[in-house]
Amino acid sequence: MKSMTVGSDVVVVCGEADIMEAMEQVTAMLLESPEQAVFIASAQRVAQWEADQKTIKQYREHRETVRQLFMAKIIFELADEPQPIEIINKTYCTDFEEGIFRVLDIKLDPNDKSETLFPVVSQMQEAIRPLVEKTFTPWCHDVVIINGFTSVMALLNYDESKEEMILSRLPGLVEHIEGNMGQENPLNMTLCVGRAHRMAHHIVESRNEALAACWSRMMVPTGGKILFWEKDDSWPKNAREKFELLDKRLRRACETLDTEEFQKSMEEFFCLPSSLLSRQEARVFFREIKDYLFEVNSEYIRSFTDLKTLYDETRKRLSMAGTLDEYKNTFVSQCIWIFDKIKKMAEHRKSRPIRLAVEYVENHFHEAIGAEIVADEIGLSPAYFSYLFKKEMEKNFTEYLTEYRIEQARRLLKEGLITVKEVAAKVGFVDQRYFSKTFKKVAGFNPTEYREQRT
């Protein structure tokens, strides 16, 4: 027998010879009917072995889950709150040491965009993992691997003296993966390489660089090639202004569900020169627009499906794209579907949001309210509420609120029981002069003249 450490516990593990001996003794006892105590002891050794194997399996599964969590989430937190390597190792079951941290992203692009190919991708991912481990583990302190929708991402931690060796093994990894895929495999593979960083809290930078290299592969498809991300601090003249303008237009289109403007702006984005589209800024720009669409329309989306499920489904569809045209067409068609779904639901409940808004005005017109407050009360975004209100009421919310307040002011002035100043306060105007000016604009008379004519 021998002992091993699992977490903070020491576990006694039976070896193969022990288990064979125990099984022979059990068999002999069944045939010869030996003493009961000897039989029980041997049976317990068998049970202990089985329990040991279960404990080891559970520990390995837990260890892998925690390491996956590190790659999926913790690297982002480390960027904001760096932790010593010793703490990271103890908390996330890693074996990091001081040296180099570099991220690789092995992207698998299906030739056929049918979702029936996902099982093929999954099988290929499982085949790639041991190839990555075999290629780099002998030269690394640790190798952490996580699967994406159509990719395998690996974090390598190694001594700086091994840098040349690690880079020299990249072509061999590509060759092994392609050999494993076979000639008739319906996948194209690109190995995307982030830069080397010397601090654990910079892992996320290497990850983003690998993803930027992956994004750039769509400019010129390069199945079976290796792409290194290269830093470029230059920024073409007027490029930033162009991005900012498109950002403003696309966000507004997401808010108002303007399909035509969204399509037009997306077309302009993807028609930018490849020198701009291949940059990491373009990838970040696109990701932020995608995230904003789901953020600003989250309440609507939740009314017909699970938000995270739809978000992940969109990412999954985008991961199938191997060219910019495929990426654009996939995203635009998905967004149009979301826009149409929301609009149809709004049409189905057509007057309900606006009826609620009108009721809110009737009950709170004397308070300091505006479109944003009312939109929040009825569960719509301010932009879409304003769009929907004007569409159904044929006037914007501010105009409607003002007219309603003046209508209530007319009623109070006719009664003649309170002063003009008090009337102004009761219908939501803080400034009497502004009230009088607004009243005259709507009613054609100032409040005093209106009262004199009606009493």
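Visitor: At what angle do helix 9 and helix 11 pack?

Guide: Helix 9 (residues 259–270) and helix 11 (residues 280–296) pack at about 165°, with axes 12 Å apart. Axes are lines fitted to C-alpha atoms over the stretch in contact, and angles run from 0 to 180 degrees between N-to-C directions. Helices are DSSP runs (H or I, at least four residues), strands likewise (E, at least two), numbered from the N terminus. The model is predicted: local features need pLDDT of at least 70, side-chain atom pairs 80 or more, while totals for chains, interfaces and linings use all residues. Residues are numbered from 1 along each chain as its sequence is written, and side-chain values use heavy atoms, without hydrogens and water.

Visitor: Why is helix 9 called roughly antiparallel to helix 11?

Guide: The angle is about 165°. Angles over 145 degrees count as roughly antiparallel, so helix 9 is roughly antiparallel to helix 11.

Visitor: Which residues make the contact?

Guide: Helix 9 brings Phe262, Met266, Phe269 and Phe270; helix 11 brings Ala282, Phe285, Phe286, Ile289 and Leu293. Contact means heavy atoms within 4.5 Å.

Visitor: What classes of residue does this contact of helix 9 with helix 11 have?

Guide: Nine nonpolar, no polar and no charged residues. Ala, Val, Leu, Ile, Met, Phe, Trp, Tyr, Cys and Pro count as nonpolar, Asp, Glu, Lys and Arg as charged, and the others, Gly among them, as polar.

Visitor: How many residues has the largest nonpolar core?

Guide: It has 71. Those with the most contacts inside it are Phe262, Met266, Phe269, Phe286, Phe385 and Phe435. Such a core is a set of buried Ala, Val, Leu, Ile, Met, Phe, Trp, Tyr and Cys residues joined through side-chain atoms within 4.5 Å. Helix 14 (residues 324–348) gives the most to this core, with nine residues. A second, separate core of 28 residues includes Leu104, Val132, Leu156 and Leu191.

Visitor: What makes Cys93 count as buried or exposed?

Guide: Buried means under 20% relative accessible area, exposed over 50%, partly exposed in between (1.4 Å probe, protein chains only). Cys93 has 17% relative accessibility, so it counts as buried. Cys93 is in the loop between helix 3 (85–92) and strand 3 (100–110). Its phi is positive, about 60°, although Cys93 is not a glycine.

Visitor: And what makes Glu394 count as buried or exposed?

Guide: Glu394 is at 71% relative accessibility, so it counts as exposed. Glu394 lies in the loop between helix 17 (382–393) and helix 18 (397–415). Glu394 also has a positive phi of about 60°, without being a glycine.

Key:
Angles under 35 degrees count as roughly parallel, over 145 as roughly antiparallel, 65 to 115 as roughly perpendicular and the rest as oblique.
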